[in-house]
Amino acid sequence: MSPDLRYVAVWTAEAGAEYYREQATWTEFAAWLQDTFSNDLRLTSLQVYSGDAEPLYSGIVHAGTGAEWATPVLPQDQFAAWSTGQFQQGNYLTAIDTCVINDQFMYTGVVRPGVGAMYMHYATDWDSFNAWVTDSFTNGLQLTAISTCSFNGSVFYSGVVSAGQGAQWLLPASSMDQFFAWYSDLFSKGFHLTELTTCVVNGELLVSGVVHEASGAQWLSGVLQSGDFAAQVSEKFQQGFHTSALAIRDLNDVNARAPKTYAVSLDSFSISNTRSRHTDTDYVAASLAVGSKPPQSKSKAMGDLNNGIYNVGFAFDPVSVRDGDALVLTYAIVNSGHSDPGLAEKTLLQASSALAAEAAAKAAAVAGAAIGTALGASIGTAAVPIIGSA
């Protein structure tokens with residue numbers, strides 16, 4: 001499904017140059033960063049979303065000096081190793097963002113030289129995150145970077161705290177109307193938005209942010225499409241404002257929707273004509289695979305059977321299926337009266353499980369009748385035991 005991107009931005013009075021790049025591969029984005037860095041521009045906002053083929057990056061650069069490093073998305077353990085190594089060299093995370101790829105949280109970030117304490121909290125629910133932020137605040141640490149990400153219809157929060165002082169307020173992911181009311185009230189009391197993040201849950205854009213004590217003019221956009229955002233950036237820049245915070249999310253993000261649960265079973269099969277004169281010695285195996293998860297597999301020795309309908313009673317554990325997931329049920333029935341019963345059933349079970357895993361992988365890459373062609377080619381036969389259009 002093609003992305004349907006939505007932008008939310010904050011503009012604050014600031015002088016100097018400003019440029020932005022959106023929807024770039026890491027190779028393209030890194031080349032842009034290198035070019036802007038050589039022209040004394042530094043990354044102030046970093047965004048990533050998982051596109052159809054690979055993660056895509058967006059960012060804002062402003063006039064600045066000093067060292068700076070950024071990383072493409074990494075799994076949590078690798079990102080932790082990278083950020084820890086940078087911290088040991090005196091470099092602090094100044095921006096982070098998260099996305100989900102293959103059911104795994106992925107992190108990207110920017111570091112610059114700094115001093116004092118710094119800690120990061122990885123993707124967690126609101127209660128755990130808010131407790132961590134509150135405890136950090138009581139210990140003289142303020143939230144300097146935040147990201148929200150949706151997975152299976154729930155919101156997960158990540159953040160960075162560094163040494164700071166003064167009042168701070170944080171709002172969990174809320175509707176745009178609720179967020180605007182919250183921000184407007186605090187702005188009237190002398191607070192500015194310093195961090196902004198969005199996520200999508202079941203097709204709805206939710207907004208979260210952090211405010212700190214500050215003065216001067218500031219503007220918060222509504223929910224914008226790409227063309228409207230570009231026009232607003234140009235207009236605000238001409239008025240003396242820079243994009244101080246930016247959040248971009250895909251309304252069609254498949255990770256943002258709560259999965260549906262299905263009960264799948266293979267109840268019975270029928271024999272129209274046995275291969276033997278009277279009865280066949282039949283074995284049945286079936287496997288259920290969802291996406292890249294390991295298949296569930298079952299097998300059963302049915303004994304000597306004549307023509308008729310026979311109950312199998314295979315009931316698989318309920319499975320959760322998200323938008324875009326491939327759910328594949330494969331089955332095989334073999335007449336094998338002269339083989340070792342234990343070996344026949346074991347071999348059939350292994351073949352059924354392997355077939356289901358292969359079918360799910362093919363179904364994720366192709367669609368419709370093409371599944372049968374792709375799977376047939378991969379196992380060397382055009383006869384594919386798969387339920388569906390194949």
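These notebook entries record what I looked up in a predicted model.

**Entry 1. Aromatic pairs**

I began with the rings. A pair of aromatic rings is described by the distance of the centres and the angle of the planes. My count came to 20 aromatic pairs. One of them joins Trp219 and Phe241, whose ring centres lie 6.4 Å apart with 85 degrees between the planes, an edge-to-face arrangement. I then looked up where the two residues sit. Trp219 belongs to strand β14 (residues 218–220) and Phe241 to strand β15 (residues 241–250), so this pair ties together parts that are 22 residues apart in sequence.

Phe241 has 10% relative accessibility and counts as buried.

I noted a further pair, Phe269 with Tyr310, which is tilted: the centres are 6.0 Å apart and the planes stand at 40 degrees. Phe269 is in strand β17 (residues 265–271) and Tyr310 in strand β20 (residues 308–315), so the pair ties together parts that are 41 residues apart in sequence. Phe269 is buried, at 10% relative accessibility.

Which residues do ring pairs link into a cluster? I found Trp26, Phe29, Trp32 and Tyr57 joined in this way.

**Entry 2. Charges over rings**

I returned to Trp219 and looked for a charge above its ring. The charged end of Lys236 sits over that ring, 4.1 Å from the ring centre. I recorded a second case at Phe316, where the charged end of Lys298 sits over the ring at 6.0 Å from its centre.

**Entry 3. Cavities**

Rolling a probe the size of a water molecule over the atoms shows where empty space is left. How many cavities of 30 Å³ or more does the structure hold? I found two. The largest cavity holds about 110 Å³ of space. It is lined by 13 residues, and those closest to its centre are Tyr49, Ser50, Cys99, Arg249 and Asp253. Strands β3 (41–50), β6 (91–101), β9 (141–151), β12 (191–201) and β15 are the elements that give two or more residues to this lining. By class, I listed seven nonpolar, three polar and three charged residues in the lining of the largest cavity.

**Entry 4. The second largest pocket**

I then examined the second largest pocket, which has about 530 Å³ of space. Its lining has 29 residues, with Thr44, Thr94, Thr194, Glu195 and Ser244 closest to the centre. I looked up the strands involved: β3, β6, β9, β12 and β15 each supply at least two residues of this lining. Which element gives the largest share of the lining of the second largest pocket? That element is β12, with six residues. By class, the lining of the second largest pocket divides into 12 nonpolar, 14 polar and three charged residues.

**Entry 5. Gln142**

Gln142 counts as buried because its relative accessibility is 7%, under the 20% cut-off. What does the side chain of Gln142 make a polar contact with? I found the side chain of His212, at 3.3 Å. I also noted that a polar atom of the Gln142 side chain lies 2.6 Å from the backbone oxygen of Gly166.

Terms used. Residues are numbered from 1 along each chain as its sequence is written. This is a predicted model: local features need pLDDT of at least 70, side-chain atom pairs count only at pLDDT 80 or more; totals for chains, interfaces and linings use all residues. Side-chain values use heavy atoms; hydrogens and water are left out. Rings of Phe, Tyr and Trp (its six-membered ring) pair if their centres lie within 6.5 Å; planes under 30 degrees apart count as stacked, over 60 as edge-to-face and the rest as tilted. Helices (H or I, at least four residues) and strands (E, at least two) are DSSP runs, numbered from the N terminus. Buried means under 20% relative accessible area, exposed over 50%, partly exposed in between (1.4 Å probe, protein chains only). A charge sits over a ring if NZ of Lys or CZ of Arg is within 6 Å of the ring centre and within 35 degrees of the ring normal. On a 1 Å grid over the protein atoms alone, a cavity is a set of points where a 1.4 Å probe fits but cannot get out, and a pocket is an open set with protein on both sides within 12 Å along at least five of seven lines; lining residues have an atom within 4 Å of a point. Grid points are joined across faces, edges and corners, and a volume is the space filled by probe spheres set on the points. Ala, Val, Leu, Ile, Met, Phe, Trp, Tyr, Cys and Pro count as nonpolar, Asp, Glu, Lys and Arg as charged, and the others, Gly among them, as polar. A polar contact is a pair of N or O atoms within 3.5 Å; within protein, one must be able to donate a hydrogen and the other to accept it, and residues adjacent in sequence count only if both atoms are side-chain atoms.
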